[in-house]
Every structure is written in structure tokens, then in C-alpha cells.
2 protein chains.
Amino acid sequence: MSINTSLQAVEELLLSVARSSVPLLSETSQHILSAGGKRLRPRLVLLAHAAAGGQNTAEVVPLAVAVEIIHTATLVHDDINDHGTLRRGRATVNSRWGSTFALLTGDYMFTKTYEIMAPYSAELNLILARAAIELVEGETLQIQAARAGALDRETYYQIISKKTAALFVACAELGATIAGAPGEWIAALRDYAFNLGLAFQIIDDVLDLSGDSQALGKNAGIDLAQGRGIAAVRDDGADARSVAAVQVTPDTAPGPLKESLLSGQSPQVAIEIGRAKAHELVGRALASLEALPPSDARDELQALAQQVVTRDH
Amino acid sequence: MSINTSLQAVEELLLSVARSSVPLLSETSQHILSAGGKRLRPRLVLLAHAAAGGQNTAEVVPLAVAVEIIHTATLVHDDINDHGTLRRGRATVNSRWGSTFALLTGDYMFTKTYEIMAPYSAELNLILARAAIELVEGETLQIQAARAGALDRETYYQIISKKTAALFVACAELGATIAGAPGEWIAALRDYAFNLGLAFQIIDDVLDLSGDSQALGKNAGIDLAQGRGIAAVRDDGADARSVAAVQVTPDTAPGPLKESLLSGQSPQVAIEIGRAKAHELVGRALASLEALPPSDARDELQALAQQVVTRDH
């Protein structure tokens, strides 16, 4: 059974959930929620559910929506902090409506997620609540590291585990748990999602370094300007902001600053090392899937993992 | 049975909940959560519970904590939007740690509330989720009205119903529902809380107009500078910001602007009308309590309502 029908239901529910009795909040929420995006997290919920033998799509769709809304809420708040102007190919909420309404739009989405989840079991609510806590903690660590000008590998992995992989894990766990999967399958899907999440974020950071804003649909270079990302692919723990400096002026000749901070490693080399690491993680993710019985959904999870490392936006 | 022991448990749980694996978030959350405040909402949860015959304080305390944390989260975010520097007698999170970490601190508190509530029933989760949605909607409406420079009585009541009374109602409903109260008692406590919430906010706005920052423990005049408050006590629906202008320069001689906008009504008169309206609402709140059997908790709810209109900070 394909998840396409469920994904369509996700889109519809996303927009209906965004409706508020306050027209401005409907407008801002729908602006960002209707802009599409990869819908990777809802897909993961739906595919984990199907791969674990789940049949009841009506009960899993709101979980996929809840995850996407909480993810989007954090993007709206990130864009305030980063002064981002472009997101999912559209003007950010903060650039169009100002940071005050962007802040309230993110808060609105947090509270709507909570409302969507209310009818579900304590177990499912705890899964999502704890992932959301980790997400906020990961964002905080990232900004602290950027400001401190120090982002070693260990801190980088701590950050991306919390800010990205934790929600991926929650997606898999929500889908598999509501499907009534045995513990072994849930564990396999958690492992898959954790490694996929790390790989996804490393590639995101690599694309931020190498990509252009138009293809990405968001501002390129911001992550690195904020000191994120490239520490994944450095082994010496040196200041990641060095690469941001290179990114900001991509055609600069090698100078003393660049040389001292990159420790002789060019951005191109860093990118290749990052891609290698992502491929390794995807390999682990694929291996985890072998604990599951063969199914169309398992095939799609495999394909999804491969897309994560080959995508260019 | 007095609620003092439970209130002590609320304080302890508040601080333990604020602990994060990210030290900065522990620091910012504890800074604002340990600053005290009136704890009106936790009191309301505990008193509604006791007045409805609830005995199990262990199960009601986390509900009181959840409500206080969500309330505090919105204060932290409000202070970003208002550029407030003083809250509960301390530096605001935004003034001490900057708006980026204040934003994340508020988000952290939203997600912690969600975690605390996860073990409770869908019914209780929906009560709090919907109040939280209304709270954010009320804040949004308020800022829109302020920017539009138009705050008529109807809009003012819509705003304070959503941003203040909705959470008061949720407090009463959470406490009474988990106590297993009959529907009639829950309805009476809801009515009590709704009218109390409106009265509380009107007095808050009156104090903002008349009070000084030191006694209030937060910046006085900000609410009015933002266009809030005094519309409660105007009958003509004219621009509330007029009074803010008076407040900002309290000793200005009557001038053409003031005359035209106040429509001949002095701030002192507006304050008295506001107080009268709050007393009327408190009268209604007290009348609702008569549907409940006599108890110490009911007496305390009566006293609480009277304190709301006589408080000076």
C-alpha cells in the first residue's frame, strides 16, 4: 500500500489545523505550512507505520501532522534568530510579518501540536514531548557553540542528535508504536531513523556550504555563518566559523586567516568528508531495516535513505 | 485542608522541571521560575480541586505546575516583544541573556509543559491545549489592535477573555475535573474563574496605568504604551493609546491631543470605572461559588477573588 493517499491527507489536515479564529495566525501559519517542503518527517511516520504492519491510516495521519507542525514551528523561530528571509522558497514569516508575529506564529503552532496530540496515549505524547525538548536543547547548544566560536566534533554530534535526529527517532517510534509493532521492530526503526537523521543534517550542512539559496529554497550560508555544520567533517575540532568566512567570500584567495583556520583543509575536501560520513550513516540505517519483514514500505524507507545522501536541495 | 503544603510542592516541582541537560536553559528557566510571582494560577488549580472535594494532592500538583510554566513561557516571550526589562522584580530573560535565548527559553517551557501533561487523560490535555491556543490568539489580537491604533470595548474583552480568562478557566476545570467533581460544580468553578480572570486583567491594566514599576515588579506603562488596557473602561470605543500618551507624560497639561482622545475622561476617572467593572465581575465570581458546598477551599476562593480587586501590585 502506497502512502501517497495518506500524504495527501496530511496536507489537508495541516492546512485545516492551521486555521485560527484570529485571521492573522491562519494567514501566517498557512503561508509556511502550504509552502510544501520535503515532508520528510510525515513520510517517516507513515512509512514506519506501514513497515511495522499498521493498517489504520486515519489514526496515524494526525501524528504525522503533529510532527510536521512542531518542526515548522521551530523553523519559524529559527528564522527569527537567524534573520532568515527565505524558507521553502517563500519569504519567511519574520521577514513578511515581522519578528513579533513570527514568534507568536511559532507559539501558535506549538500549542496546536499539543492539541492534535491530546487524544493519543500518554506513551505517544511522551515520545513527541521529549523529542521536542531535545530539539529546543539542540538549538540552544548550537547557538552557544557558535557564539563561543568553538564547535568540536563531539559537540557537533550532540547538537545534530538533539536538534534533528531526536525528532526523526520520534517519527519512527510514533508510527511503529501506534501500529502495535513488536519491540524489536520499533528498535530497528529507531536505529534507522537516528542514523538517517544524522546523515540528513550533515548533508543539510554540506549543502548549506556548497549550495545556492535559490536551489535550497532558504538562505544558504546562514548555518555556517552561525558556526554550524562543518565541524562534522573536521577532525581537529577547530573553529567551524572559519569555513563560514570562506563561504561568505567564496572566491577569496587563500589568506592567512583561511589557512590558519581551515588547517589546510579546503571547503571542497570538507564537503567530500561530510558526504562520506553521511553515506556511512545511511549504510547503518539500511542495515537496521533488515530486522523488518520485506514490504513496499520497507523498500520506500530504503529509497528514502538513499535520497537523503544524493539530494542537492 | 490548607493548600500550603501543595503550594510548596508546586515550587519544588517547578524548579526540578526547569532542569535541562543544557545548563543555559536550566539557568534561564530557573531565573524566571524561582522569582516567585503571585502563583495565582497554581492556587486556582489547587483550590478548585479542594473545593470540588479532591483529596489526591499528588496528582493535582503537576497540573498546577504545568499551568504556571505555560503562563511563564508566554511572559518570557511577551517580554521579548515588549522589550521589557523587569519581570517579577528581576531582569527579564531577554534583557539578561538576549532575545535569542529568551525565545528558546519560552519554547523550552512550552515543551516541558507538554511533557508534564503527557501522563494525564486526553480530556485534561485538551483543556490545557485549548487554553494555550487561546492565550496565543489573545496576545496576537492585542498586538494587532495596538498597531491598528483601535481598541474598542468589544475587542478589549475578546482579548482579555483569550489571553487571561481562558487560562484561569482551564485552571479551575483541571482542578475540578481531576477531583471527579459533578458537572454542576465544574460549571460553577468555570464561571468563577472566567469572571475572576477578566477582573484580574482589568485590575492589571489599571495598575499598569497607575502603578510604578518597583511595586509592580515589572515595567509599568508598557501595556498602555502598547495600546492595551484602558479600553475596558471606555464606553466610546475611541483609541486607547490616548491614555498611554497621558501615562508616558503623566504631568502634561491638558492639550488638544489629550482632550480629543480622552473625550473629556481623565485617567483617574478611567481607573475608577475600571475598578468598578472589576468589582462587578468579582461579584459574579462570588455568586458562582454558591453552587459549591461550604469548605475551607471555597472560603479561600472567595478571599482570592477579593484580593484580586484590592491588590496594589
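In this predicted model, helix 9 of chain B and helix 15 of chain B pass each other in a left-handed crossing. Helix 9 spans residues 183-210 and helix 15 spans residues 296-310; their axes come within 9 Å and cross at roughly 25 degrees. Because angles under 35 degrees count as roughly parallel, helix 9 of chain B is roughly parallel to helix 15 of chain B.

On the helix 9 side, the contact is formed by B:Tyr192, B:Leu196, B:Ala199, B:Phe200 and B:Ile203, which meet B:Leu301, B:Ala305, B:Val308 and B:Val309 of helix 15 of chain B. By class, this contact comprises nine nonpolar residues, with no polar and no charged ones.

A right-handed crossing is found in chain A, between helix 4 and helix 7. The axes of these two helices of chain A come within 11 Å and cross at roughly 20 degrees; helix 4 and helix 7 of chain A are therefore roughly parallel to each other. Helix 4 of chain A contributes A:Ala66, A:Ile70, A:Thr74, A:Asp78 and A:Asn81, and helix 7 of chain A contributes A:Leu128, A:Ala132, A:Leu135, A:Glu139 and A:Ile143.

| Helix 4 with helix 7, chain A | six residues | two residues | two residues |

Between the chains, 35 residues of chain A are in contact with 35 residues of chain B. Helix 2 (23-33), helix 4 (57-82), helix 6 (99-117) and helix 7 (122-148) of chain A each give two or more residues to the side that touches chain B. Helix 7 of chain A supplies the largest share of that side, 14 residues.

Technical notes:
Residues numbered from 1 in each chain as written. Chains lettered and ligands numbered in written order. Predicted model: local features only at pLDDT ≥ 70, side-chain atom pairs only at ≥ 80, totals over all residues. Axes fitted to C-alpha atoms, helices over the stretch in contact; angles between N-to-C directions. Helix = DSSP H or I, 4+ residues; strand = E, 2+ residues; numbered from the N terminus. Parallel < 35°, antiparallel > 145°, perpendicular 65-115°, else oblique. Left-handed = near helix turned anticlockwise from the far one by under 90°. Contact = placed C-beta atoms within 7 Å. Nonpolar A, V, L, I, M, F, W, Y, C, P; charged D, E, K, R; others polar.
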